Amino acid sequence: MSSHTSSEDCLGWAARDPSGFLSPYKFSRRVPGDDDVSITITHCGICYADVLWTRNKLGDSKYPLVPGHEIAGIVKTVGANVHRFKVGDHVGVGTYVNSCRQCEYCEDGQEVCCTGGSTNTFNGIDFDGTITKGGYSNYIVVHERYCYRIPENYPLASAAPLLCAGITVYSPMIRHKMNQPGKSLGVIGLGGLGHLAVKFGKAFGLNVTVFSTSISKKEEALSVLGADKFVLSSDTEQMEALSKSLDFIIDAASGDHPFDPYMSTLKVGGTMVLVGFPSQVKFSPASLNLGMRTISGSVTGGTRVTQEMINFCAAHGIYPNIDVIPIQYSNEAIERVIKNDVKYRFVIDIQGSLK
């Protein structure tokens, strides 16, 4: 056993092969360093990334693989150089746990864009050469820079999905100035990401339109999430009625879909941001050029904007719609995520069920 790791005292659930099946697994975390925070994990959200890597969909999975990068918990120890956190603080950890801290992006608080590549919270290579393991486990050790303060009055279960789903939509909304009251926003894809885009849009004072291919989502979009308008995107008349009416679109749909019909709903100079991962992006140059429109992409966000988002959610009472489950249900939950059968984020009660 290396002097840099403790005994196998961390209990998690791991996939052992591309079947993705999760089962109990004991492993070692590194001994906390002077700049580290050791966190008792209370909750972890289930993200589609957990599906991709437990099942080796990207071809780089390193087994045994402990997934989970929407982590919320309580500080149990801090290193000698840690000044931002103390024992007992509520904290979160998102999609990455390290970066070079020297490039222009790291220096600007945009560590997710680190020139050398940020280190993923799970299935990444840590500075000591070990494979990172995620939040389907009872504790984690992280450099304080990559931890976020969660206000004491904000539920930890609700905080977990903010660390990936929340920041994935909040970050581009801020970057593209989608926080101007009175402007109009379209949201494509009413899932874990899309439902938070609706909530942020309403909090920013936007007029929010939800696009969906399923009429069954209409009542949920309008009555539960508070959208102003629902449009069945397969209905040509409804789409044409929105021509050149929207300032912004957040496209959170990961399935393949046409882009031109949605882009036609943008005003001249409007902006569409892609946060989902369809297999291809295809549109006519005329959709872009003739309307002087912009199409952009985005992933999660840097440490600065992530903390800003958490504070914004606490200040404005924005909470993801979650379904809290025991870890013993994680395999079934992942199957349901694949089928889009969740409203709108599963969150594992780690503290209450991982024994």
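**A buried glutamate and its surroundings**

Reply: Happy to! Glu 144 touches Asp 35, Asp 36, Val 37, Asn 81, Val 82, His 83, Arg 84 and Phe 85, leaving aside residues up to four places away in sequence. Please keep in mind that this is a predicted model. Glu 144 sits in the loop between strand S8 (139-143) and strand S9 (147-149). For orientation, UniProt (unreviewed entry) places the feature "domain: Enoyl reductase (ER)" at residues 20-306. Over residues 20-306 the chain is 22% helix and 26% strand, with the end C-alpha atoms 29 Å apart.

Charged partners do meet elsewhere: a search of the whole structure finds 11 salt bridges. One of them involves a contact of Glu 144, namely Asp 36, which forms a salt bridge with Arg 30 whose closest N and O atoms are 3.0 Å apart. Both Asp 36 and Arg 30 are buried.

Asp 89 and Arg 149 meet through their side chains in a salt bridge of 3.1 Å, N to O. This pair links distant parts of the chain, 60 residues apart: Asp 89 is in the loop between S4 and strand S5 (90-93), while Arg 149 is in strand S9. Asp 89 has a relative accessible area of 3%, so it counts as buried, whereas Arg 149, at 34%, is partly exposed.

Glu 111 and Arg 145 form a side-chain salt bridge of 2.9 Å, N to O. Here too distant parts of the chain are linked: Glu 111 lies in the loop between H2 and strand S7 (119-120) and Arg 145 in the loop between S8 and S9, 34 residues apart. Glu 111 counts as buried because its relative accessibility is 1%, and Arg 145, at 24%, counts as partly exposed. Salt bridges that share partners also join Arg 30, Asp 36 and Asp 126 into one network.

Now for the sheet. Six strands form an open sheet with parallel pairing, in the order S12-S11-S10-S13-S14-S15. Strand S12 (229-232) and strand S15 (294-297) are the edge strands, each pairing on one side only. From one strand to the next, the twist averages 20°.

S10 is mostly covered, with five of its five residues buried. In a regular strand, side chains alternate between the two faces of the sheet. Accordingly, Ser 184, Gly 186 and Ile 188 point one way from S10, and Leu 185 and Val 187 the other way. Five bridges join S10 to S11, and the two run parallel; Leu 185 stands opposite Val 208 in S11. Further along, five bridges also join strand S13 (residues 246-251) to strand S14 (residues 266-274), again in parallel, with Phe 248 opposite Thr 271 in S14.

Helices cover this sheet. Helix H4 (residues 165-175) lies across strand S10 (184-188), S13, S14 and S15, running at about 150° to S13. Helix H5 (residues 192-203) packs on the sheet as well, touching S10, strand S11 (207-212) and S13, and its direction makes about 170° with that of S10.

Finally, some backbone details to check before you set up any calculation. Most residues other than glycine have a negative phi, and most peptide bonds are trans. Tyr 63 and Pro 64 are joined by a cis peptide bond with omega about -5°, and Pro 64 lies in the loop between helix H1 (48-54) and strand S4 (71-78). The loop between H1 and S4 also holds Asn 56, whose phi is near 55°; Asn 56 is partly exposed at 26% relative accessible area. Arg 101 likewise has a positive phi, near 65°, in the loop between strand S6 (96-98) and helix H2 (104-107). The peptide bond from Lys 343 to Tyr 344 is cis too, with omega near -10°.

Key. Residues are numbered from 1 along each chain as its sequence is written. This is a predicted model: local features need pLDDT of at least 70, side-chain atom pairs count only at pLDDT 80 or more; totals for chains, interfaces and linings use all residues. Side-chain values use heavy atoms; hydrogens and water are left out. UniProt positions are given in the numbering used here, feature names are shortened, and annotations may be inferred rather than shown by experiment. Helices (H or I, at least four residues) and strands (E, at least two) are DSSP runs, numbered from the N terminus. Contact means heavy atoms within 4.5 Å. Two strands pair if DSSP finds at least two bridges between them. Axes are lines fitted to C-alpha atoms, for helices over the stretch in contact, and angles run from 0 to 180 degrees between N-to-C directions. Buried means under 20% relative accessible area, exposed over 50%, partly exposed in between (1.4 Å probe, protein chains only). A salt bridge is a side-chain nitrogen of Lys or Arg within 4 Å of a carboxyl oxygen of Asp or Glu.
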